[in-house]
Each structure stands twice: as structure tokens, then as C-alpha cells.
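Please keep the sequence and the 3D view open while reading.

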Amino acid sequence: MGSSSKLDMNGVKEDEWPHVLVVDDSLIDRKIMEKLFTNSACKVTTAESGQKALELLGHGEDKHTINNQGPQINLVVTDYCMPGMTGYDLLKKVKELSSIKEIPVIVVSSENIPTRIEK
């Protein structure tokens with residue numbers, strides 16, 4: 001019997017694909033990033049806020065987390081401008097927490113604000 005797992009172009013099984021957490025308050029932007037990463041042979045989980053992302057990473061009020069119950073997150077990609085907690089605040093929080101500080105975080109923004117870009 002053959003395996004039901006998908007393979008990427010290099011023959012890597014789907015369960016070995018990098019796991020990306022996409023954080024954005026815009027449903028459309030989350031869907032676009034999800035499609036881009038899925039097409040690049042990545043597993044994708046999405047969150048609509050920085051707080052939800054922290055919960056999924058095991059550092060929120062919700063005890064149902066990805067990193068405590070399944071595959072580890074390999075990369076976080078977050079929008080900068082979100083209500084409640086900005087992407088930059090999420091980056092700082094991740095880097096303060098010893099159990100997840102090694103996860104790379106990419107903060108993106110469509111706004112052309114030089115001070116934000118410099119930060």
C-alpha cells in the first residue's frame with residue numbers, strides 16, 4: 001500500500017515540511033500567505049492576533065497549543081499593524097520566552113513608514 005502523505009518536488013513527505021505560523025488580523029492576508037507557504041511545501045497554521053499566536057505557541061491562557069500537542073512551529077510570520085498586540089510586540093514576547101525564543105520571527109508590513117522599517 002502506498003503512503004497517503006503528499007510529497008513536495010524534492011520528495012519530502014508532508015509530515016516533514018516546515019511548520020509556519022502566520023499571524024495577521026486580515027483574513028484575506030492570512031489566506032494569501034497560507035497559500036504561498038503551502039505552495040512552497042510548508043504546513044501552515046494561522047492566527048488572527050498576537051495573543052492567539054502566543055496561545056498556539058504554548059504561552060497564552062488557552063492550554064490547547066501546537067507546541068505542546070503536536071508538531072513544532074519552525075517559523076512565525078506576523079503582520080506589524082494589528083489591534084491589541086503589534087507584530088513587533090509579538091516578536092519581543094517570543095524572544096523573551098526561553099522555550100520559544102529560537103523560533104525565527106519575520107515581521108511584515110505593507111505600510112511605508114521609515115521609522116517602523118528601521119526598527
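A disulfide is a pair of cysteine sulfur atoms within 2.5 Å. The model shown here is predicted, and a search of the whole structure finds zero disulfides by that criterion. Cys81, with a relative accessible area of 40%, is partly exposed.

Next comes the overall layout. The protein chain contains five helices and four strands, and their order along the sequence is β-α-β-α-α-β-α-β-α. Of its 119 residues, 36% count as buried. The chain exposes about 7600 Å², and carbon and sulfur atoms supply 52% of that area. Sequence separation can be read from the contacts: among those between residues at least 6 apart in sequence, 58% join residues at least 24 apart.

One position carries an annotation. An unreviewed UniProt entry lists Asp79 for "modified residue: 4-aspartylphosphate". In the model, Asp79 lies in strand β3, which covers residues 75–79. Is Asp79 buried or exposed? Its relative accessibility is 12%, so Asp79 counts as buried. Leaving aside residues up to four places away in sequence, Asp79 touches Val23, Asp24 and Asp25, and also Gly87, Val108 and Ser109.

Gly50 is in helix α2, residues 50–56. At 1% relative accessibility, Gly50 falls under the 20% limit and so counts as buried. How far apart in space are Gly50 and Thr86? From C-alpha to C-alpha the distance is 6.9 Å, although 36 residues separate Gly50 and Thr86 in sequence.

The backbone has a point to check at Ala41. Most residues other than glycine have a negative phi. Phi of Ala41, however, is near 60°, a positive value in a residue other than glycine. Ala41 lies in the loop between α1 and β2, the latter spanning 43–47. Its relative accessibility of 12% is under 20%, and therefore Ala41 counts as buried.

The last stop is on the surface. Ile28 is in helix α1, which covers residues 27–39. Which residues form a nonpolar patch on the surface with Ile28? They are Ile32 and Leu36, and together with Ile28 they have about 320 Å² of accessible area. Ile28 has a relative accessible area of 60%; this is over the 50% limit, so Ile28 is exposed.

Terms used
Residues numbered from 1 in each chain as written. Predicted model: local features only at pLDDT ≥ 70, side-chain atom pairs only at ≥ 80, totals over all residues. Heavy atoms only, no water. Patch = residues over 30% accessible without salt bridge, like charges linked within 9 Å, V, L, I, M, F, W, Y side chains within 5 Å. Areas by Shrake-Rupley, 256 points an atom, 1.4 Å probe, with all protein chains shown as cover. Salt bridge = Lys/Arg side-chain N within 4 Å of Asp/Glu carboxyl O. Helix = DSSP H or I, 4+ residues; strand = E, 2+ residues; numbered from the N terminus. Buried < 20%, exposed > 50% of the residue type's maximum accessible area, 1.4 Å probe, protein only. UniProt positions renumbered as here; feature names shortened; annotations may be inferred. Contact = heavy atoms within 4.5 Å.
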